[in-house]
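This briefing goes through a single model by topic. Please keep the sequence and the coordinates open while reading.

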Amino acid sequence: MYVSMKPILEHAHIHGYAVMAMNSINMEMVRAAVNAAQAEHSAVIINIGMGQMKNHAHPEDMVPMIRQLAERALIPVALNLDHGQDFTFICECMKRGFSSIMIDASALPYEENIARTRLVCEMAHPLGICVEGELGHVGQAADGDDENGGLYTEPGQAKEFADRTGVDALAVAVGTAHGNYPKGKTPKLDFERIRLLKKILNMPLVLHGGSGAGEENLKKAVACGINKVNVCTDAFGIGSRSIEKQMNENPEVDYMHLCMGVEEELTNYIRTFMRTIGSSGQYYFGEGPLSGNE
């Protein structure tokens, strides 16, 4: 089922769990996400960023494939533009059939962030397209931005921001960052800030920088009110390491089997991640608990 993020995130918000949003740049990644979601009876969100589309995951190729895979699935699948910053590009994604848009004006002054986010909402909502905004700024792990409290989302601004923009979900900066953390480091999340934001906003909250955040951090963040967790770096790393491992084990392995191996490892990773954030079994039509083998 190809849907907007809005019903997916509203269900997660009401029932107290989170949905995985994985950046996917080829068929193997998308198929792994959809098949894992199908196996786990979970919704899933496919993220694609602007740079990823310009460099490799061209939307004219990716969108029809994602829609076809989603329409064959028996669970909800959304396609989301991740960190949309260019207005023309955002409009192109709407025209090409993205079901959801993340407008990221978080690095701009507060009023400019509001103005740009509101404009995207005014264009997207009549088309049935969900909009995610960002308040505070989720920076880069390599720069130590996860520890920069000055970038964190201010609860005092959050309600005004949501009301003035009309966003369907809000990405919040609470102690995570994009990319790889220094070796051995696990970020420290501001759980009390998440709780306060949830109480003030009473709407779906999004955690960017889910890669390397740590299982316990993720579970607690979800318990405090996070409903969408973005993952990119870890998924790309699994793909790279899978290829390296397969080549070391069998230097003569062909490209098709390399791709198959990557897809299998990603599928297993995604299924485990879905269980961690509580989305497994949320779209299960049956009696009794859902076992890990169903």
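How many salt bridges does the count come to? The model is a predicted one, and the count in it comes to 15 salt bridges.

**Salt bridges**

- Glutamate 71 pairs with arginine 67 in a salt bridge whose closest N and O atoms are 3.8 Å apart. That distance falls inside the cut-off, because a salt bridge is taken as a side-chain nitrogen of Lys or Arg within 4 Å of a carboxyl oxygen of Asp or Glu.
- The two residues are 4 residues apart in helix α4 (residues 59–72), which means that about one helical turn separates glutamate 71 from arginine 67.
- An α-helix has 3.6 residues a turn, so residues three or four places apart point the same way.
- Glutamate 71 is exposed at a relative accessible area of 53%, while arginine 67 is partly exposed at 32%.
- In helix α8 (residues 191–201), glutamate 192 and arginine 195 are 3 residues apart, so about one helical turn lies between them. Their salt bridge has its closest N and O atoms 3.2 Å apart.
- Arginine 195 counts as partly exposed, with 37% relative accessibility.
- Arginine 193 is buried, with a relative accessible area of 18%, whereas aspartate 190 is partly exposed at 23%.

**Helix α4**

- The 14 residues of α4 should span 20 Å at 1.5 Å a residue, and the C-alpha atoms at its ends are 20 Å apart, so the two values agree.
- Which residues of α4 are buried? They are Pro59, Met62, Val63, Ile66, Leu69 and Ala70.
- Viewed down the helix axis, the buried residues of α4 fall within an arc of 140 degrees, and therefore they line one face of the helix.
- Glu71 and Arg72 are exposed on the other side of α4. Glu71 is also the residue that forms the salt bridge with arginine 67.
- The packing partners of the buried α4 residues are α2 (27–40), β2 (44–49), α3 (50–55), β3 (77–84) and α5 (87–96).

**Leucine 135 in strand β5**

- Leucine 135 belongs to strand β5 (residues 130–135).
- Is leucine 135 buried or exposed? Leucine 135 counts as buried, because its relative accessibility is 4% and the cut-off for buried is under 20%.
- Leaving out residues up to four places away in sequence, leucine 135 touches Tyr110, Asn113, Thr153, Glu154, Gln157, Ala158, Phe161, Leu170, Ala171, Val172 and Ala173.
- Serine 106 is 29 residues from leucine 135 in sequence, yet their C-alpha atoms are 5.6 Å apart in space.

**Nonpolar surface patch**

- Which residues form a nonpolar patch on the surface? They are Phe87, Leu119 and Met123, which together have about 230 Å² of accessible area.
- Leucine 119 is located in helix α6 (residues 110–124).
- The relative accessible area of leucine 119 is 36%, so this residue is partly exposed. That value passes the threshold for patch membership, because patches are made of residues with over 30% relative accessible area and no salt bridge.

Terms used
Residues numbered from 1 in each chain as written. Predicted model: local features only at pLDDT ≥ 70, side-chain atom pairs only at ≥ 80, totals over all residues. Heavy atoms only, no water. Patch = residues over 30% accessible without salt bridge, like charges linked within 9 Å, V, L, I, M, F, W, Y side chains within 5 Å. Areas by Shrake-Rupley, 256 points an atom, 1.4 Å probe, with all protein chains shown as cover. Buried < 20%, exposed > 50% of the residue type's maximum accessible area, 1.4 Å probe, protein only. Expected span 1.5 Å × (residues − 1). Arc of directions from axis to C-beta. Contact = heavy atoms within 4.5 Å.
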